[in-house]
Amino acid sequence: MPQQQYYQDDDDEITLKELMLKIQEYWREVVQNWKSIFLIATPFIIYFFIKVFLTPVTYSAQLTFMVNEDEGGGGFGGVSAILGQFGFGGGGKSSHNLDKILELSRSRKIIQMALLESVNINGKKDYLANHLIEEYEFHEKWKKDTTGLINFLFVQDSVELFSRVENKVLKSLHSLVIGEEGKKGLLSFSYGEESGILNITHTTTSEELSIFLTEKIYEKLSWFYINNSTEKQQKTFSLFKNKADSLQIALNSAQYRLFQFDDTHKGMTLKQSSFERVRLQQEIQKLILAYGESYKNQEVSDFALKNQTPFIQEIDMPISPIEPIRESKLMALIMGSFIGGFMGIGFFIGRKIFRNTMKN
């Protein structure tokens, strides 16, 4: 029985020993073929170095901003009641939705409004869309196109009048800005959930183009978000203002008729004349009361509109000079050496395993 135990322990020792010998054997195989491994790795290193030199320098322009939609105090039950009488409702504003702003920044509507803004880059004033077409050499890509894209540039900014060709190019530029499946776009958008600080960044091969893209998209996003968020309140304010203006006109007309009546009936004591004068005075009194109430509603709705309008404030605007972004040569060396070395070592270890298997 003890003898059996002795052989079992000895078998275990032999197994561990064989493992260590195998590791040494494979290590010797790697060391003996280090020159060949280096030769295998060399093309990978060269490839990553060439990629570094062929990758254009880029510039990232970042703009940070914040959105404040906090209600400016209470006490607006009366406003809600007044608005409710006209079927609009005073509804409270929900907290700002950062994801909604993110999606809006990537929408075709916002992007196209920005791209059709004229800016001056390198002394040439043109649509941002045309600057993008030239910077990213779209004309070179369109050389074989037969649908009218050769030498195409935008000459108008009325999207509703665009032809199929103009819409096609606009969609291509939109994809360039926001990216498409498997390809990163020029635009990146992020925000801090706790801080509520939002960031818009554009990375292009032109410093000025990056700055203008960032500024214009922020400008259009801000304008659209504010107007969309207060559209209902703006309609309500317009309703009250139009009502007050029409009452003002009617009041002025009634007062003018009264003055005209007095001028044409001086010294007259006819009862018919007195009745007409009293009637005009009563009409004026009613219009004064109606106008006063309507004007009050207009002022309250104007205050409510301003109170509920989101306040978007830029924090840091992009300014030049922007530090250029270049591919790292050191990282290229590390990546090429790692991938090439892994392939070379894998080849010789695999060959060793194959030879050992065929011998047994």
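I will start with one residue. Leaving aside residues up to four places away in sequence, T204 touches V57, T58, Y59, Y136, L186, L209, S210 and L213. Please keep in mind that this is a predicted model.

Where does T204 lie? T204 is part of strand β7. Is T204 buried or exposed? Its relative accessible area is 0%, and the cut-off for buried is under 20%, so T204 counts as buried. The T204 side chain also reaches the backbone oxygen of S206, at 2.8 Å.

β7 belongs to an open sheet of four strands, in the order β6-β7-β1-β8, and the pairing is antiparallel. Which strands stand at the edges? They are β6, residues 187-191, and β8, residues 311-316. Each of these two has a single partner strand, so one side of each has no neighbour in the sheet. On average, and ignoring direction, neighbouring strands here are turned by 25° against each other.

Let me go through the two partners of β7, starting with β1. Strand β1 covers residues 59-68 and strand β7 covers residues 197-204; they run antiparallel and are joined by eight bridges. You can find two of the paired positions on the model. T64 stands opposite N199 of β7, and M66 has I197 of β7 as its bridge partner.

On to β6. How many bridges join β6 to β7? There are five, and these two strands also run antiparallel. F189 is the residue standing opposite I200 in β7. The two strands make a hairpin, with five residues between them. In that turn, G196 has a positive phi of about 75°.

A helix comes in here as well. Helix α4, residues 98-106, lies across β1, β6 and β7, and its direction is at about 170° to that of β6.

A word on the rings. Searching the whole structure gives seven aromatic pairs. One of them is F65 with F189: the ring centres are 6.5 Å apart and the planes are at 70°, which makes the pair edge-to-face because the cut-off for that class is over 60 degrees. Elsewhere, F138, W142, F152, F154 and F162 are linked into a cluster by ring pairs.

Finally, the whole chain. It has twelve helices and eight strands. Of its 360 residues, 33% count as buried. The chain exposes about 23,300 Å², with 57% of that supplied by carbon and sulfur atoms. Among contacts with a separation of 6 or more, 74% come from residues 24 or more positions apart.

Definitions and conventions:
Residues numbered from 1 in each chain as written. Predicted model: local features only at pLDDT ≥ 70, side-chain atom pairs only at ≥ 80, totals over all residues. Heavy atoms only, no water. Buried < 20%, exposed > 50% of the residue type's maximum accessible area, 1.4 Å probe, protein only. Contact = heavy atoms within 4.5 Å. Areas by Shrake-Rupley, 256 points an atom, 1.4 Å probe, with all protein chains shown as cover. Pairing = 2+ DSSP bridges. Axes fitted to C-alpha atoms, helices over the stretch in contact; angles between N-to-C directions. Polar contact = N/O pair within 3.5 Å; in protein donor to acceptor, adjacent residues only side chain to side chain. Phe/Tyr/Trp six-rings, centres within 6.5 Å; stacked < 30°, edge-to-face > 60°.
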